[in-house]
Amino acid sequence: MPKTAPRPPTTPRQEGATVWLTGLPSSGKTTVATALERRLAGRRVQILDGDELRPVLSPGLGFSRQDRHANVQRVGLVADLLSRHGVLTLVPVIAPYADARTAVRERHERSGTPYLEVHVAAPVEVCAGRDVKGLYAGQRAGKVRGLTGADDPYEVPEAPDLVLDTHGQSVDESVAALCELLTARGLI
């Protein structure tokens with residue numbers, strides 16, 4: 001009788017979820033997502049950063065309301081797919097319009113995938129002072145048009161699962177608050 005190879009040990013299945021971090025440019029979305037990813041080392045975590053995905057998923061789109069909506073839906077689909085397969089998916093994407101964020105939440109609800117909306121809140125003046133990518137300076141100089149929160153609207157979430165006050169709390173405090181929420185929801 002042929003010998004069979006021993007089965008590898010099984011690990012408990014991790015439930016996936018999408019954590020959408022929405023907020024103004026330079027509010028701290030990616031900073032918080034990256035710090036959370038580090039804190040959750042050993043778990044299946046993927047960051048879907050808007051700046052990295054847009055050129056690949058939405059290369060032909062501009063920044064009109066319709067194009068932003070289409071981009072957010074594409075990112076939302078990828079997040080839902082990853083989350084359905086046990087990945088904690090962190091999505092630091094501005095998603096300035098409430099209807100686009102609602103559509104992404106509804107997609108997750110239809111697939112039975114946990115979805116958390118986190119408002120990474122910082123006043124535009126604070127974000128402009130941080131100006132990580134030089135967008136606000138470019139907008140003031142007339143080189144950047146349609147900057148969310150400056151000359152294009154940002155619709156603040158009405159009922160997010162969590163608000164992170166990134167101008168009044170440290171990155172570690174923001175990550176701790178996110179971990180507390182994820183633990184309370186049974187996601188970590």
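Q: In what sense do β1 and β4 pair, and over how many bridges?

A: Strands β1 and β4 pair in the parallel sense, and five bridges connect them. The model under discussion is a predicted one. As a general idea, strands of a sheet pair through backbone hydrogen bonds, either parallel or antiparallel.

Q: Which residues of β3 stand opposite Thr18 and Trp20?

A: Strand β1, residues 17-22, is joined by five bridges to β3, residues 88-92, and these two strands run parallel. Thr18 has Thr89 as its bridge partner in β3, while Trp20 stands opposite Val91.

Q: In what order do the five strands of the open sheet lie?

A: The order is β2-β3-β1-β4-β5, with parallel pairing, and the sheet is open. Its edge strands, each pairing on one side only, are β2 (45-47) and β5 (162-165). On average, neighbouring strands are turned by 20° against each other, direction ignored.

Q: Which helices are to be read against this sheet?

A: Helix α1, residues 29-39, packs on the sheet and touches β1, β2, β3, β4 (115-121) and β5. The direction of α1 makes about 160° with that of β3. Helix α7, residues 171-184, lies across β1, β3, β4 and β5, and runs at about 170° to β5.

Q: Which way do the side chains of β1 point, and are they buried or exposed?

A: In a regular strand the side chains alternate between the two faces of the sheet. In β1, Ala17, Val19 and Leu21 point one way, whereas Thr18, Trp20 and Thr22 point the other way. All of these residues are buried; the strand is mostly covered, with six of its six residues buried.

Q: Which residues of α3 are buried, and what covers them?

A: The buried residues of α3 are Arg68, Asn71, Val72, Gln73, Val75, Gly76, Ala79, Asp80 and Ser83. The elements covering them include β1, α2 (50-57), β3 and α4 (98-111).

Q: Where is Ser58 placed, and why does this residue count as buried?

A: Ser58 is in the loop between α2 and α3. A residue counts as buried when its relative accessible area is under 20%. Ser58 is therefore buried, since its relative accessible area is 1%. Leaving aside neighbours within four places in sequence, Ser58 is in contact with Leu53, Asn71 and Arg74. Asn71 is itself one of the buried residues of α3.

Q: Is Cys127 buried or exposed, and which residues does it touch?

A: Cys127 belongs to helix α5, residues 124-130. Cys127 is buried, because its relative accessible area is 0%. Not counting residues up to four places away in sequence, Cys127 touches Leu24, Pro25, Ser26, Ser27, Ala122 and Tyr136. Cys127 and Ser26 are 101 residues apart along the chain, and their C-alpha atoms are separated by 5.0 Å.

Q: Which charged side chains sit over rings, and how many aromatic pairs does the structure hold?

A: The distance from the ring centre is the quantity to read in each case. Arg54 lies over the face of Phe63, at 4.1 Å from the ring centre. The charged end of Arg65 sits over the ring of Tyr97, 3.9 Å from its centre. The structure holds zero aromatic pairs.

Q: How many helices and strands are there in the chain, and what does the chain as a whole span?

A: The chain has seven helices and five strands, and from the N terminus its elements run β-α-β-α-α-β-α-β-α-α-β-α. The C-alpha trace spans about 80 × 35 × 25 Å along its principal axes. Of the 188 residues, 43% count as buried. Among contacts with a separation of 6 or more, 78% join residues 24 or more positions apart.

Conventions: Residues are numbered from 1 along each chain as its sequence is written. This is a predicted model: local features need pLDDT of at least 70, side-chain atom pairs count only at pLDDT 80 or more; totals for chains, interfaces and linings use all residues. Side-chain values use heavy atoms; hydrogens and water are left out. Two strands pair if DSSP finds at least two bridges between them. Helices (H or I, at least four residues) and strands (E, at least two) are DSSP runs, numbered from the N terminus. Axes are lines fitted to C-alpha atoms, for helices over the stretch in contact, and angles run from 0 to 180 degrees between N-to-C directions. Contact means heavy atoms within 4.5 Å. Rings of Phe, Tyr and Trp (its six-membered ring) pair if their centres lie within 6.5 Å; planes under 30 degrees apart count as stacked, over 60 as edge-to-face and the rest as tilted. A charge sits over a ring if NZ of Lys or CZ of Arg is within 6 Å of the ring centre and within 35 degrees of the ring normal. Buried means under 20% relative accessible area, exposed over 50%, partly exposed in between (1.4 Å probe, protein chains only).
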